[in-house]
Amino acid sequence: MDPLSDILSLLKPRNYMSAGFDAAGPWAIRFADQANSIKCGTIVSGQCYVSVEDLAGPVLLTSGSSFVLPRGRTFFLASDPDCPTVEAPHIFAKAQSGGIVKHNGGGECFIVSSRFVLSGPHADMLMAALPPIVRIENDQDEASLRWLVERIMQELRNPQPGGFLVLQHLAHTVLVQALRLHLSNARTNGQSDRTGQTTPTAPNGPDIPDWFAALSDKQIATAIACIHADPAHPWTLKELARHAGMSRSAFAARFRDVVTVPPMAYLTRWRMLLAGDRLIHSGLPVSEIALSVGYESESAFSTAFKRVMGCAPRRYSNISATLEDQSL
């Protein structure tokens, strides 16, 4: 798989709900209890403001604009940010199984959105590098995203047999396409959008890599793709620099500047994330998982795993499996 697919596969996004919201007049809604989730939406018509609690000020979204809220924090949607807020369950209780909800008669602002629950244990680590609000403007090349949203609207307005499964697939595709457009915009601007964010730090290790900035830089992304294509390969700084078409010193400096960690630290962390996922889901012994991520010695792998992930492989497997079961 490509690096973006790799990252999303570790997140394991599971579409919880897709719904439409058709509003008019003054309104403001507070969406709490968003932990371990991503919210993705498109303003089909009209306009509204979106803000994330304690992280970002109100952002105006107009017709055709899309947004992704990757942090799992409480957020607000409003016709006017100064309006008194109403809790989401009071308005969306009827939309728990999908559909279109009208508010104040509807007709002025129409929003289609999906919420994804993240069942992967590394969600915070992988999504921390994104800004609190990923904003995709309607003047970007987003014809495919618009088509997907229109298809979701059709499914919501005219439920058909198998509609739940169709909505699941469409919602996942919308999420991927929105992140693609964000990466494309970051490449065009020469940097990732870091509005409202600070450099994330892992509780038991070095700085967390800025995954999406890495994919936004063409030369660095080439090296990242090599690592993801064959994580067990004995990569060296010289070899990765050669794939990136840069000198070793220039590559090392550029990688650290863009990704926030050195290349070999990125390699180690990605190997440990893969190993953690396999410890939970593969049923393979630790020795085989160690070999699959480039460690011939189980003891060397265990030492590296504990340094990066904060506990020994077998303990990690037991703890993470329990937490994942509780989230289902």
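**Cavities**

I looked for cavities in this predicted model and found three of 30 Å³ or more. The largest cavity holds about 70 Å³ of space.

I got Ala 19, Gly 20, Phe 21, Phe 31, Lys 39, Leu 77, Phe 92, Ile 111 and Ser 113. Two elements give two or more residues to that lining: strand S1 (13-23) and strand S10 (109-118). S1 has the largest share, with three residues.

I then sorted the lining of the largest cavity by class. I have six nonpolar residues down, along with two polar and one charged.

**Helix H9**

I moved on to helix H9, residues 248-259. I wanted to know how far H9 reaches from its first C-alpha to its last. For its twelve residues I noted 16 Å, close to the 16 Å expected at 1.5 Å a residue.

Which residues of H9 are buried? I listed Phe 251, Phe 255, Val 258 and Val 259. They sit on the same side of H9, because they cover an arc of only 75° around the axis. On the other side of H9 I found Ser 249 and Asp 257, both exposed.

I also checked what covers the buried residues of H9. The cover includes four helices: H6 (211-216), H7 (218-229), H8 (237-244) and H10 (263-281).

Last, I looked at the backbone just after H9. Thr 260 is the residue I jotted down there, as it takes a positive phi of about 80°.

Definitions and conventions: Residues numbered from 1 in each chain as written. Predicted model: local features only at pLDDT ≥ 70, side-chain atom pairs only at ≥ 80, totals over all residues. Heavy atoms only, no water. 1 Å grid on protein atoms, 1.4 Å probe; cavity = no way out; pocket = protein on both sides within 12 Å on 5 of 7 lines; lining within 4 Å. Points joined across faces, edges and corners; volume = space filled by probe spheres on them. Nonpolar A, V, L, I, M, F, W, Y, C, P; charged D, E, K, R; others polar. Expected span 1.5 Å × (residues − 1). Buried < 20%, exposed > 50% of the residue type's maximum accessible area, 1.4 Å probe, protein only. Arc of directions from axis to C-beta. Contact = heavy atoms within 4.5 Å.
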